[in-house]
Amino acid sequence: MLEADARDRVIVAIDCDRDRALELADSLSGHARWLKVGMTLFYAEGPQIVRTFKERGFKVFLDLKFHDIPHQVRGAARSAALAGADLLSVHGLGSGDMLAACREGAEDAASVCGDRPSLVAITVLTSMNQDALGEIGIEAPVADEAARLAVLAQRNGIDGIVCSPMEAESMRALLGPDALIVTPGVRPAGAALGDQSRVATPSQAIVRGASHIVVGRPITGAADPVEAFERIVSELVDEI
Ligand code: C5P
């Protein structure tokens, strides 16, 4: 894989407070291209944190996992796009109408600010097992449910999905070559697992079909985050 391509495929999850987030952004500037802002940072700092990262030249995955009535999700997608997010997440479980509204909100913003952010759907959260699905009345096997929601999302204008590296291969076959397939649960060989259980290495995730990998603590918790990021890029360049 080309180095420029490898850099574009690693999204660094910045799950920390503002001071540490800015420190990480400053040191990763010129190395990483993508940062992921999740609920922890966003609900503390608001859309300004997206603008701050954009001003430093990063692309931003705003991972707020929208799930509400279509009207509200249309507005959420529009606001997030206007804040400058390049990639947004939405729950597939919210219905085809809600997914279509998400796309409409993103398109509406694009008519004001230029580019439409890309959209990815959460199918079944990787923290949910068969028992947890049963608790909310879904008896289908987890893999079938995830596949059904992925297709529903694609039919309603969503560009791809978030899934575990274990599902990347089957999702790539199901959704085709152009779909975004974003996989967290990535750990370089030898890295601490933290609370992730079903993990793959960066190159395994890409070989299985991921378009982008999300890596947080193996980079942000490393003594030298830039070195940890560059090691992942080198692994992708050398092995793919
Ligand atoms: O630190 P770590 O590499 O485990 O971070 C993974 C990131 O991906 C976190 O921001 C986490 O919220 C997110 N994520 C995940 N598993 C999912 C969906 C999102 O770990 N199924």
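A polar contact is a pair of N or O atoms within 3.5 Å; within protein, one atom must be able to donate a hydrogen and the other to accept it, and residues adjacent in sequence count only if both atoms are side-chain atoms. The model is predicted, so that local features need pLDDT of at least 70 and side-chain atom pairs pLDDT 80 or more, whereas totals for chains, interfaces and linings use all residues. Residues are numbered from 1 along each chain as its sequence is written, and side-chain values use heavy atoms, without hydrogens and water.

View 1. Oxygen atoms of the ligand lie 2.8 Å from a polar backbone atom of Gly216, 2.7 Å from a polar side-chain atom of Asp15 and 2.7 Å from a side-chain N or O atom of Gln196. The protein covers 81% of the 460 Å² of accessible area that the ligand has on its own (Shrake-Rupley method, 1.4 Å probe).

**View 2. The largest pocket.** A pocket is an open set of points on a 1 Å grid over the protein atoms alone, where a 1.4 Å probe fits, with protein on both sides within 12 Å along at least five of seven lines; lining residues have an atom within 4 Å of a point. About 900 Å³ of space lies in the largest pocket. Among its 34 lining residues, Lys65, Thr126, Pro184, Gly185 and Gln196 are the closest to its centre.

Key:
Points joined across faces, edges and corners; volume = space filled by probe spheres on them.
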